[in-house]
Amino acid sequence: MQLNPGQAAPDFTIPDQDKNMITLSAQKGKNVLLLFFPAAFTGTCTKELCQTRDDIAFYTGLNAQVYGISVDLPFSLNKFRAEQNINFPLLSDFNKTVSEAYGSIYTDWILGFKGVSKRSAFVIDKGGVIRYAEVLEDATKIPDFDAIKKVLESL
């Protein structure tokens, strides 16, 4: 299923790296940036999330909550977050329900792995409506952060 701007963002509740349950609908009143990524500790994922870490003041300045989402376990995400000094929550979609709801899951990835989150970005406005959606087929690419920033600035 492909999600497009103007659609309501599918709600979810999944654990963060500290095993706290995070619910998207509880973020109403804030803009949200969801960054799906294939796997912690990989080169492109580290680059993407560290770039976001370095730009966190921009996002918080626009009342935007950033979440990284992967199918990694909370324990792996906790270690990855600590090692890279990631300053926003990383959510575990181990059961793959959120990745599937957002059309952000590989049925077949490298080495024959299945059920890995596609690198994707979604901007959700304060009312829970998707304002930007980018799902990348090529896991070596990163989302268009300039476009993401422009959308957030317009909200």
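A residue is called buried here when its relative accessible area is under 20%, exposed when that area is over 50%, and partly exposed in between, as judged with a 1.4 Å probe and protein chains only. By this scale Glu 137 is exposed, with a relative accessible area of 56%.

The model is predicted, and local features therefore need pLDDT of at least 70, side-chain atom pairs count only at pLDDT 80 or more, and totals for chains, interfaces and linings use all residues. Residues are numbered from 1 along each chain as its sequence is written, and side-chain values use heavy atoms, with hydrogens and water left out.

Helices (H or I, at least four residues) and strands (E, at least two) are taken as DSSP runs and numbered from the N terminus. Helix 1 covers residues 43-54, and its twelve residues should span 16 Å at 1.5 Å a residue, which agrees with the 16 Å between its end C-alpha atoms; the expected span is 1.5 Å times one less than the number of residues. The buried residues of this helix are Cys 45, Thr 46, Glu 48, Leu 49, Cys 50 and Thr 52. Their cover includes strand 3 (31-36), strand 4 (64-70) and strand 5 (90-92), together with helix 2 (56-61), helix 3 (74-84) and helix 5 (145-154).

Tyr 59 belongs to helix 2 and, at 0% relative accessibility, counts as buried. Contact is defined as heavy atoms within 4.5 Å; when neighbours within four places in sequence are left aside, Tyr 59 is in contact with Leu 33, Thr 52, Ala 64, Val 66, Phe 145, Ile 148, Lys 149 and Leu 152. Tyr 59 and Val 32 are 27 residues apart in sequence, while their C-alpha atoms are 9.1 Å apart in space.

## Salt bridges

A salt bridge is a side-chain nitrogen of Lys or Arg within 4 Å of a carboxyl oxygen of Asp or Glu. The whole structure holds six salt bridges, and the table gives some of them.

| Arg 119 | Glu 48 | 2.7 Å |

Glu 48 is buried, with a relative accessible area of 0%, and Arg 119 counts as buried at 1% relative accessibility.

Lys 118 is buried at 11% relative accessibility, whereas Glu 137 is exposed.

## Aromatic pairs

Rings of Phe, Tyr and Trp (its six-membered ring) pair if their centres lie within 6.5 Å, and planes under 30 degrees apart count as stacked, over 60 as edge-to-face and the rest as tilted. The count by this rule comes to seven aromatic pairs. One of them is the tilted pair of Phe 37 and Phe 80, at 6.4 Å centre to centre with 35 degrees between the planes. Phe 37 lies in the loop between strand 3 and helix 1 and Phe 80 in helix 3, 43 residues apart, and both residues are buried.

The rings of Phe 41 and Phe 80 have their centres 5.1 Å apart and their planes at 65 degrees, so this pair is edge-to-face. Phe 41 is in the loop between strand 3 and helix 1, so its pairing with Phe 80 in helix 3 ties together parts that are 39 residues apart in sequence. Phe 41 is partly exposed at 41% relative accessibility, whereas Phe 80 is buried at 0%. Thr 42, in the loop between strand 3 and helix 1, is partly exposed, with a relative accessible area of 30%; its C-alpha atom is 10.0 Å from that of Phe 80. Elsewhere, Phe 12, Phe 36, Tyr 102 and Phe 122 form one aromatic cluster.
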